[in-house]
Amino acid sequence: MGKTDLYSLYKGFLDCICLCFTSSDKAAGNNARDPENGHLIYKCGDVLEDRYEIVNTLGQGTFGKVVRCLDHSRGRNQIALKIIKNLEKYREAAKLEINVLEKISEKDPHNKHHCVRMLDWFDYYGHVCICFELLSLSTFDFLKANNFLPYPISQIRHMAHQICHAVSFLHDNKLTHTDLKPENILFVNSDYSLTYNTDKKCNERRIKDTTVRLVDFGSATFNHEHHSAIISTRHYRAPEVILELGWSHPCDVWSIGCILFEYYKGFTLFQTHDNKQHLAMMERIQGPVPQRMIQNSRKQKYFHCGRLDWNECSKAGRHVKAKCKPLRKYLLSHGREHHQLFDLLEKMLEYEPSKRICLPSALHHPFFLPLVHPERNQVWRNSCDMSR
C-alpha cells in the first residue's frame, strides 16, 4: 500500500472519529432541552445522573415536568422527580424552592408536619431537578375523578387538621406558603372503595386513607423576603391581597377556608377571574368589606363613596346574586359537626387579617375535637364512613 493510500485511510479514520464526536455532542444537546420552551427532552428508560431511571410522566406545568423514576441508589425505590425548565427565571425560582425545602427538612427531620419531603436535588444540563417522595393524586384530582362529589365531613376533618398543622408549622418557621389550593395537597395513597350514593343515584369513590402532604413551595416566602403584590391562585386569594394592603400569614388561613368549603360542597367558593366581581362575591357571602380596609386600599377604583362600586342589576351583578349566598346557606345538614365546620370557616374567612383566626387557635376549634378526644364523640366515630 502506497503513502497516498495510507494517508487517505488515516484521514478517513480521523474524519470518522470527528463525526462520531460531533453526533454525540448534538445528541447530548438535543437531550438536554427543547430550545423552544426549555423542557428537557427525555424518553422512558432514560437514566439521569447514572441513578434515576425515568418510568413515566406524572404531570407538567409552567415550571417544567414531574416524572416517576426508579432510584437505583435506593433499591429501585420509586420517587417523583421535578424537572425544571432550562430557563433562567425558572432556575432561580427552583433555587428558592430548594432553600425552603432544605429549611423544612432541617426543622422537621422526622417528617411529622405533613409537608412533602425533598430527597435530593441536582443540576442536569441546566435543568434543576428536585427529587421528592412519591405521592398520589391531589385532593382536587380525586374530587374531579369523583364527579366533584363532596368529601364526607369526617374526611374533611382529618384533611383539614393536617393542612392546618402543616401550614402552622410553616408560619412558626417564618414562612408563608402563598399558593394553597386543592391541587397542592396530595394524598399519600389514593386507593378508594366504591359506594352507591343514593342521593345522586351513582357510584361514589371513597378514599381509604386521608393522609395528605402539602406540596409546591415555589412561591413560599420568608417573613424577611420581598413580598410580591399579587400572590395565590385567584379563587383562593385573600381580600387584603386584592386590595393591596400587604399580606402575611393570615392570607394562608383565608386560602384554607376556601379549600375546606370546596371539599364540603364540591365546587369553588369564589368562581371568578375579576377583582371587583371577586369582592362582590365576598360581600354577598360574608357581608360588606370593612371601612378600614376600603380607606387604606390602593385600589380605590373599586369603590365609590366608601362602598363597593357594584351594580346588582347588571348582568355580572345578577350572576353574583344567583351564584352566591350567605355562607351558612350552604350547609348540607344542621348536624352539630356541620355547624362547627361553618363556624371555623367564618373565622377563617374573616375580612380583617388581624381578626382572622390563627392556625394554633384553629387546631383547638371544636370541629377538631373528635380527632383529639374521639371517646367524647361516639356519633363521630359511627359517622366516619357515612356522614356528609
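User: What distance does helix 2 (residues 88-107) reach from its first C-alpha to its last?

Analyst: This is a predicted model, and in it helix 2 has 20 residues. At 1.5 Å a residue the expected reach is 28 Å, and the value computed from the model is close to that. From first C-alpha to last, helix 2 reaches 29 Å.

User: Which residues of helix 2 are buried, and which elements are included in what covers them?

Analyst: An α-helix has 3.6 residues a turn, so residues three or four places apart point the same way. In helix 2 the buried residues are Tyr90, Arg91, Ala94, Glu97, Ile98, Val100, Leu101 and Ile104. Their cover includes strand 4 (77-84), strand 5 (118-124), strand 6 (127-133), helix 4 (153-172), strand 7 (175-176) and strand 12 (221-222).

User: How many of the residues of helix 6 are buried?

Analyst: Helix 6 spans residues 250-265 and reaches 23 Å between its end C-alphas, close to the 22 Å expected. Just after helix 6, glycine 266 takes a positive phi of about 90°. Helix 6 itself is mostly covered, and the count of buried residues is 15 of 16.

User: Which residues touch the most other members of the largest nonpolar core, and which residues does methionine 348 touch?

Analyst: The largest nonpolar core has 88 residues, and those touching the most other members are Phe217, Ile256, Tyr263 and Met348. Apart from this core lies another of 14 residues, among them Leu48, Cys69, Phe122 and Cys129. Leaving out residues up to four places away in sequence, methionine 348 touches Cys164, Val253, Trp254, Ile256, Gly257, Leu260, Arg356, Ile357, Leu359 and Ala362.

User: Why does alanine 362 count as buried, and how many Å lie between alanine 362 and histidine 161, C-alpha to C-alpha?

Analyst: Alanine 362, found in helix 11 (residues 359-362), counts as buried because its relative accessible area is 0%, where the cut-off is under 20%. Beyond its neighbours within four places in sequence, alanine 362 is in contact with Leu344, Met348, Ile357 and Phe368. Histidine 161 is 201 residues away from alanine 362 in sequence, yet the distance between their C-alphas is 8.8 Å.

User: Is aspartate 46 buried or exposed, and which backbone nitrogen does its side chain reach?

Analyst: Aspartate 46 is found in the loop between helix 1 (3-32) and strand 1 (47-48). Its relative accessibility is 19%, and therefore aspartate 46 counts as buried, the cut-off being under 20%. Not counting residues up to four places away in sequence, aspartate 46 touches Tyr52, Glu53 and Ile54. At 2.9 Å, its side chain reaches the backbone nitrogen of lysine 43.

User: Of the contacts in the protein chain with a separation of 6 or more, what percentage is between residues 24 or more positions apart?

Analyst: The protein chain has 388 residues, of which 47% count as buried, and its secondary structure comes to 13 helices and 14 strands. For contacts with a separation of 6 or more, the share from residues 24 or more positions apart is 63%.

User: What is the mean pLDDT of the protein chain, and over which residues is the pLDDT below 50?

Analyst: The mean pLDDT of the protein chain is 90, and 87% of its residues reach 70 or more. One stretch below 50, residues 9-14, has zero contacts in the model beyond near neighbours in sequence. Another stretch below 50 has four such contacts, and this one covers residues 16-31.

Technical notes
Residues numbered from 1 in each chain as written. Predicted model: local features only at pLDDT ≥ 70, side-chain atom pairs only at ≥ 80, totals over all residues. Heavy atoms only, no water. Helix = DSSP H or I, 4+ residues; strand = E, 2+ residues; numbered from the N terminus. Expected span 1.5 Å × (residues − 1). Buried < 20%, exposed > 50% of the residue type's maximum accessible area, 1.4 Å probe, protein only. pLDDT = per-residue confidence, 0-100. Contact = heavy atoms within 4.5 Å. Polar contact = N/O pair within 3.5 Å; in protein donor to acceptor, adjacent residues only side chain to side chain. Core = buried A, V, L, I, M, F, W, Y, C linked by side-chain atoms within 4.5 Å.
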